[in-house]
Amino acid sequence: MKRTGPAFRATAALLATVALTGCASLATTAPSAARAQAAAGIQAARFGSVDCRQAKCIALTFDAGPSENSPRLLEILKEQQVPATFFLLGERHIEKYPELVRQMADEGHEVASHTWDHKILTRLEPDEIREELQRPNDEIERLTGRRPTLMRPPQGRTNDTVHEICRELGLAEVLWSVTAKDYRTNDSALIQKRVLAQASRDGIILLHDIYPGTVPAVPGIIDALKERGYVFVTVPQLLAPGKAVPGKVYRP
């Protein structure tokens, strides 16, 4: 199945709303709570070039790559000096574009997992969930020298079994607060408009660089949010001085 084809778009569109609705009852941790939980005894420490306890931070994240659109995206991010978090798929993505996985890590982006084959984890048996999570981790570690500590469940679908296996594998789950629904449109102006309408401090933006309309929207998104005073960070930077705890779910 071609991931950018109509079937994948239809499935994504059908499940995305259900996923977020279904996650409403989850016990999730906000970035500000993660920072506060770790802040006791820490005074004016800074994390990299930004401290999100003081700065107006937002995280740009991309799912389901790498793809043929990723080189241009990486150029844009480098030009704009913006770090991103990439939740990568294994089959037909990591295995097809290993050099892009290395480049993402080498250029300072956070490289994380979106499972091996985009299966809905809540429909799988525990051993199948474990395989979906272990395989991309193994490949990312082989390519970058660093094992992922973050994952994003396809369509945001998760449950207690997924949490427990993530805890076992050293993974925290990361959801989102901003979605452009770029799986439904190739209109870059509309994608930009949707992101800007939803953006807020400590937000986590969900985009997919596998779709042709998404990457052209990124420069406008970055410029507009910088004008509003936002500082772009990776998800780990957004949580610092807290750290993502395996088995926990993070969402603004």
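1. Start with one cut-off. A residue is buried when its relative accessible area is under 20%, exposed when over 50%, and partly exposed in between. Take Arg53: its relative accessible area is 22%, so Arg53 is partly exposed. Keep these limits in mind for the points below. Note too that this is a predicted model.

2. Now the overall picture. The protein has ten helices and ten strands. It contains 252 residues, and 55% of them count as buried. The exposed surface comes to about 10700 Å². Carbon and sulfur atoms supply 49% of that surface.

3. Next, contacts along the chain.

4. Salt bridges come next. The structure holds 14 of them. One joins Arg35 to Asp202, with the closest N and O atoms 2.8 Å apart. Which parts of the chain does this pair tie together? Arg35 lies in helix H2, residues 31–38. Asp202 sits in the loop between helix H8 (188–198) and strand S8 (203–208). The two parts are 167 residues apart in sequence.

5. Are Arg35 and Asp202 buried or exposed? Arg35 has a relative accessible area of 6%, so Arg35 is buried. Asp202 is at 10% and also counts as buried. Both values fall under the 20% limit.

6. Asp51 and Arg53 form another salt bridge, and their closest N and O atoms are 2.9 Å apart. The two ends differ in accessibility. Asp51 is buried, at 4% relative accessible area. Arg53 is partly exposed, at 22%.

7. A further salt bridge links Arg147 and Glu141. Here the closest N and O atoms are 2.7 Å apart. Arg147 has 29% relative accessibility and counts as partly exposed. Glu141 is partly exposed as well, at 34%. Elsewhere, salt bridges that share partners join Arg72, Glu75 and Glu79 into one network.

8. Turn to the cysteines. How many disulfides does the structure hold? It holds one. Cys52 and Cys57 form it, and their sulfur atoms are 2.2 Å apart. The angle about the S-S bond is -95°, and the link is left-handed. Cys52 is buried, with a relative accessible area of 1%. Cys57 counts as buried too, at 0%. Another cysteine, Cys166, is also buried, with a relative accessible area of 0%.

9. Look at the aromatic rings. A search of the whole structure finds one aromatic pair. Why does the pair of Phe62 and Phe86 count as stacked? The ring planes meet at 25°, and planes under 30 degrees apart count as stacked. The ring centres are 5.5 Å apart. This pair links distant parts of the chain. Phe62 is in strand S2 (residues 57–63), and Phe86 is in strand S3 (residues 85–88). They are 24 residues apart. Both Phe62 and Phe86 are buried.

10. Lys56 lies over the face of Tyr230. The distance from the ring centre is 4.3 Å.

Methods
Residues numbered from 1 in each chain as written. Predicted model: local features only at pLDDT ≥ 70, side-chain atom pairs only at ≥ 80, totals over all residues. Heavy atoms only, no water. Salt bridge = Lys/Arg side-chain N within 4 Å of Asp/Glu carboxyl O. Helix = DSSP H or I, 4+ residues; strand = E, 2+ residues; numbered from the N terminus. Buried < 20%, exposed > 50% of the residue type's maximum accessible area, 1.4 Å probe, protein only. Disulfide = S-S within 2.5 Å. Phe/Tyr/Trp six-rings, centres within 6.5 Å; stacked < 30°, edge-to-face > 60°. Lys NZ or Arg CZ within 6 Å of the ring centre and 35° of its normal. Areas by Shrake-Rupley, 256 points an atom, 1.4 Å probe, with all protein chains shown as cover.
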